[in-house]
Structure formats: C-alpha cells, structure tokens
Amino acid sequence: MSNRGKESLCLDFRKPAGREVLEKLVARADVLIHSFRPDFAERQRLRFEDLAPINPRLVHYSVSAYGSDSAYRLKPAVDSVIQGVAGGFYGAGEEKDPPIRNSLPIVDVASGMCGVNGILAALMERDRSGRGQAVELTLMGTMLNFLG
C-alpha cells in the first residue's frame, strides 16, 4: 500500500507560528525534502546552511529545475519542459521525424530514483561522521545523465 501510515501537515512557515513548528520538526528530522525554487528557499531560510544550526545531523535534499547556482536558477520547469530543453524530444522516433514529446514523466520518475540514492548516501555519511549533508538534484542534470 502506498503512503500507509503517512501523516501530513499544512503549515505556513512564512508566519512566526508556522516557522516555530517547522523548526521543531527540523530539530528531530532525519531528512528534509523540498522542491522550492532557490530564491524562495533563500528568502524563507530553508537552505541547508539555514537549517543545519537547528539540527546538525539533518540531511537536506533540494530538487530544482536547473540548480541553485545555475544562470537559469530562477526559471521554473516541469518534466516535459526539461525533456525539450535538454534535447530529449530528438531521441524518440526515427532520424527524419520531427521532435516527439515522450508522454511518460521520465524526468520526474528518474529524478526520484536518483534522489533516493543521494539521500541514502548522505544518511550513510551522516552515520559515519555524525554530520548532516546537503544533497541537491536538478531535473536538467537527471535528463542530461539519461541522454548520455
């Protein structure tokens, strides 16, 4: 069964009361995962360097379209946009065919699989060193890796 035993919480961490709850959760968390654009994460103090003082053992996993240091860091994108920008539409069909959009969300699925590997590696390092880790994944990086 998918999501069995999962609990959820709706939280406005932009308000002081919400931020307080967020920090209490971070203090006892193993992993924090978010997919906010880098500018939003910076403004809301959700980056690894913002949260590590609250929990030095935290594994902080962030996913964005192009990465926190990219020239495109503020551009949003979804699976099909990344497939197109990376040239993935040219990899389907025959050589003389026009670009073909893959209807499967391969970037989203592959990013999830790659991301869990990064999280597990960071948890192993944390168990060895006692220090939390920052893990960053980009949808573009995932697609380019698959095209290779």
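The model is predicted: local features need pLDDT of at least 70, side-chain atom pairs count only at pLDDT 80 or more, and totals for chains, interfaces and linings use all residues. Residues are numbered from 1 along each chain as its sequence is written, and side-chain values use heavy atoms, with hydrogens and water left out.

**Stop 1: aromatic rings**

Rings of Phe, Tyr and Trp (its six-membered ring) pair if their centres lie within 6.5 Å; planes under 30 degrees apart count as stacked, over 60 as edge-to-face and the rest as tilted. By this rule there are four aromatic pairs.

Select Phe13 and Phe36. Their pair is edge-to-face, at 5.9 Å centre to centre and 70° between the planes. Phe13 sits in the segment before α1 (16-28), and Phe36 in the loop between β1 (31-34) and α2 (38-43), so the pair ties together parts 23 residues apart in sequence. Helices (H or I, at least four residues) and strands (E, at least two) are DSSP runs, numbered from the N terminus.

Buried or exposed? Buried means under 20% relative accessible area, exposed over 50%, and partly exposed in between (1.4 Å probe, protein chains only). Phe13 has 15% relative accessibility, so Phe13 counts as buried. Phe36, at 31%, counts as partly exposed.

Now select Tyr66 and Tyr72. This aromatic pair is tilted, with 5.7 Å centre to centre and 50° between the planes. Tyr66 is buried at 16% relative accessibility, while Tyr72 is partly exposed at 46%.

**Stop 2: helix α5**

Select residues 106-129. This is helix α5, with 24 residues.

Colour the buried residues of α5, including Val107, Gly115, Ile119 and Leu123. The buried residues of α5 pack against β1, β2 (59-64), α4 (79-86), β3 (133-138) and α6 (139-147). Just after α5, Gly130 takes a positive phi of about 85°.

**Stop 3: α5 against α6**

Show both helices. How are α5 and α6 angled? They pack at about 95°, with axes 9 Å apart. That makes α5 roughly perpendicular to α6 (65 to 115 degrees).

Contact means heavy atoms within 4.5 Å. From α5, pick Ile106, Val107, Asp108, Ala110, Ser111 and Cys114; from α6, pick Leu139, Thr142, Met143 and Phe146. These residues make the contact.

Methods
Expected span 1.5 Å × (residues − 1). Axes fitted to C-alpha atoms, helices over the stretch in contact; angles between N-to-C directions. Parallel < 35°, antiparallel > 145°, perpendicular 65-115°, else oblique.
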